[in-house]
Amino acid sequence: MTPQEYCASKTNRPASSIYYALLTATAEQRPHLIALLALHKEINEVLIECQDASVARVKLAWWRAELERALEGQASHPIACALSAEGALLSQSAPQGIDRKRLYQHFSELIEATEMDLSQGRYLDWPNLEKYLQLNAAALAKLLAWQLLAKDYDAAKYGGLVEQLAKGIGLSIIIRDVGLHSMQGRIYIPMSDLRQFNVTAHQIQQRQYGDNFKALIDFKIERAMGLFKAAETALKQLPKEDVRRLRPLLSLATMHKQLLQKIAENTPDLLQHRLALSPIRKAWIAQKHNFAFNKI
């Protein structure tokens, strides 16, 4: 199995949002995006696979070292090798002047997010959760945007848009998976929000639906929608050609925005199973973005 095949086996699940979003990328860019997504999944899986926190920390430390080796052209893991392939961000033939220190920082933030998960299963308030989303979702989105825009990527120019997109997507996933996460011993909805709506962790873990839970989810959906709205405002300031190159990210954002609308209409089902858009709806969204649909 080649490094690219290994990465595809980790992420390219048919009918998933990622699968359809990647269809909007060029054939040249797709394997590099898949490698970044595979790394993100590999790091996140450490939390689930390692029951012992000390073992998980050792594994995360190994990944930090592996990414440092990849920056020097000495990668050994299939994902790191894919990230170092010609045209990828860690390629030794990457454009001169690329800020490799900032690049490593974003990779390191993915690891730091999982370290936060190891240290705490609950989040005190929105700023605390927002920091987690910044490290996890936003770091990944910045790497994806950097890969898509290559030498044209400018953190000052695109950072605000990418962060809002990523936080909106990340918060949408937290809302969608609130039941699953509680079974894994983690509740990402901030404790301050739970108190505000008189929802207890026990209620979520026991899958007890009530009007207070509905009000809480509506509140979280409104916050996520606000993030997408901020991203749309930033989107209008960018040249259309740049927006077109960011199609995979915009497709993912649109899918999650529409997922929030589905959750709002079917909140009682949220604690029973994972809600999702149909494959046809996802394919339709990706197709729209393929034809220069520049909205979220």
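Q: How do the axes of H3 and helix H4 (residues 53-71) run relative to each other, and at what angle do they cross?
A: In this predicted model, the axes of H3 and H4 come within 9 Å and cross at roughly 160 degrees. Because angles over 145 degrees count as roughly antiparallel, H3 is described as roughly antiparallel to H4. The crossing of H3 and H4 is right-handed.

Q: What makes up the contact between H3 and H4?
A: From H3, the residues Leu39, Glu42, Ile43, Val46 and Glu49 meet Ala56, Lys59, Leu60, Trp63 and Leu67 of H4. By class, the residues of this contact divide into seven nonpolar, no polar and three charged.

Q: Why are H3 and H6 called roughly parallel to each other?
A: The axes of H3 (residues 30-49) and H6 come within 9 Å and cross at roughly 20 degrees. Since angles under 35 degrees count as roughly parallel, H3 and H6 are therefore roughly parallel to each other. The crossing of H3 and H6 is right-handed.

Q: What does Leu39 touch, and where does Leu39 stand in the largest nonpolar core?
A: Not counting residues up to four places away in sequence, Leu39 touches Trp63, Leu67, Ile79, Leu83, Phe107 and Leu110. The largest nonpolar core has 99 residues, and Leu39 is listed with Leu67, Leu83, Phe107, Leu129 and Leu246 as those with the most contacts inside it. The largest share of this core, 16 residues, comes from helix H7 (residues 126-149).

Q: Why are H12 and H14 called roughly antiparallel to each other?
A: The axes of H12 (residues 211-235) and H14 (residues 247-265) come within 10 Å and cross at roughly 155 degrees. The cut-off for roughly antiparallel is an angle over 145 degrees, and H12 and H14 are therefore roughly antiparallel to each other. The crossing of H12 and H14 is left-handed.

Q: Which residues form the contact of H12 with H14?
A: Lys214, Ile217, Ile221, Ala224, Met225, Phe228, Glu232 and Leu235 in H12 meet a set in H14 that consists of Leu250, Ala253, His256, Lys257, Leu260, Gln261, Ile263 and Ala264.

Q: Why is Ser91 called buried?
A: Ser91 has a relative accessible area of 2%, and because buried means under 20%, Ser91 is classed as buried. Ser91 lies in the loop between helix H5 (78-83) and helix H6 (100-119). Leaving aside its neighbours within four places in sequence, Ser91 is in contact with Leu83, Ser84, Ala85, Glu86 and Arg100.

Q: What makes Gln29 count as buried?
A: The relative accessibility of Gln29 is 13%, and since the limit for buried is under 20%, Gln29 counts as buried. Gln29 is placed in the loop between helix H2 (17-22) and H3, and, leaving aside its neighbours within four places in sequence, Gln29 is in contact with Gln147 and Leu148.

Q: Why is Thr200 called partly exposed?
A: Thr200 has a relative accessible area of 42%; because buried means under 20% and exposed over 50%, with partly exposed in between, Thr200 is partly exposed. Thr200 belongs to the loop between helix H10 (191-196) and helix H11 (201-205).

How values were computed: Residues are numbered from 1 along each chain as its sequence is written. This is a predicted model: local features need pLDDT of at least 70, side-chain atom pairs count only at pLDDT 80 or more; totals for chains, interfaces and linings use all residues. Side-chain values use heavy atoms; hydrogens and water are left out. Axes are lines fitted to C-alpha atoms, for helices over the stretch in contact, and angles run from 0 to 180 degrees between N-to-C directions. Helices (H or I, at least four residues) and strands (E, at least two) are DSSP runs, numbered from the N terminus. Angles under 35 degrees count as roughly parallel, over 145 as roughly antiparallel, 65 to 115 as roughly perpendicular and the rest as oblique. A crossing is left-handed if the near helix is turned anticlockwise from the far one by less than a right angle, and right-handed if clockwise. Contact means heavy atoms within 4.5 Å. A nonpolar core is a set of buried Ala, Val, Leu, Ile, Met, Phe, Trp, Tyr and Cys residues joined through side-chain atoms within 4.5 Å. Buried means under 20% relative accessible area, exposed over 50%, partly exposed in between (1.4 Å probe, protein chains only). Ala, Val, Leu, Ile, Met, Phe, Trp, Tyr, Cys and Pro count as nonpolar, Asp, Glu, Lys and Arg as charged, and the others, Gly among them, as polar.
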